[in-house]
Amino acid sequence: MRCAELRAAVAIGVGMRPGATSTAILTAVRHVLDDTTLACLATIDRRADEPGLRAAADELGVPVRTFTAAELDAVAVPTPAARTKAAVGAAGVAEAAAVLAAKGGVLVRAKTIHGEVTVAVARLS
């Protein structure tokens, strides 16, 4: 399911460590969601089957969109991280995934880190 097909206003990009719990992901998402409607969670493809991410998406009632490291790395992000680039092959996951899932929409909240979870928000274009 594509984010633009939904009646929603934002996509939230999620970067996380393997094994991040749904509670940790939900806490981070709810911290940045405000009163906007969520279209989807988005992340790097290697995290697609993380149980915590899937459970969080199920609880929120949204799909998970995933992107390859190359797709994410092609997006200029405001806060690139050399550590992330070395670990996954992209300068950023949360910000880039949010922008891609929002079909190139505007990043309205740069990445914020909440323990083992990083989130960023982009408005659907």
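Residues are numbered from 1 along each chain as its sequence is written. In this predicted model, local features need pLDDT of at least 70 and side-chain atom pairs count only at pLDDT 80 or more, while totals for chains, interfaces and linings use all residues; side-chain values use heavy atoms, with hydrogens and water left out.

The mean pLDDT (the predictor's confidence in each residue, from 0 to 100) of the protein chain is 93, and 94% of its residues reach 70 or more. Over residues 1-8 the pLDDT is below 50, and this stretch has 19 contacts (heavy atoms within 4.5 Å) beyond near neighbours in sequence.

Helices (H or I, at least four residues) and strands (E, at least two) are DSSP runs, numbered from the N terminus. An open sheet is formed by 5 strands in the order β3-β2-β1-β5-β4, with mixed pairing (two strands pair if DSSP finds at least two bridges between them). The edge strands, β3 (64-67) and β4 (107-114), each pair on one side only. Strand β1 (residues 10-16) pairs with strand β2 (residues 38-44) in the parallel sense over 4 bridges.

Helix α1 (residues 22-33) packs on the sheet and touches β1, β2, β4 and β5 (117-123). The direction of α1 makes about 35° with that of β5 (axes are lines fitted to C-alpha atoms, for helices over the stretch in contact, and angles run from 0 to 180 degrees between N-to-C directions). Helix α2 (residues 51-60) also packs on the sheet, where it touches β1, β2 and β3; its direction makes about 170° with that of β2.

A pocket is an open set of points on a 1 Å grid over the protein atoms alone, where a 1.4 Å probe fits, with protein on both sides within 12 Å along at least five of seven lines; lining residues have an atom within 4 Å of a point. The largest pocket is lined by 25 residues, of which Gly15, Met16, Arg83, Thr84 and Thr118 lie nearest its centre. Two or more lining residues come from each of β1, β2, α4 (82-88), α5 (94-101), β4 and β5. The most come from α4, with 4 residues.
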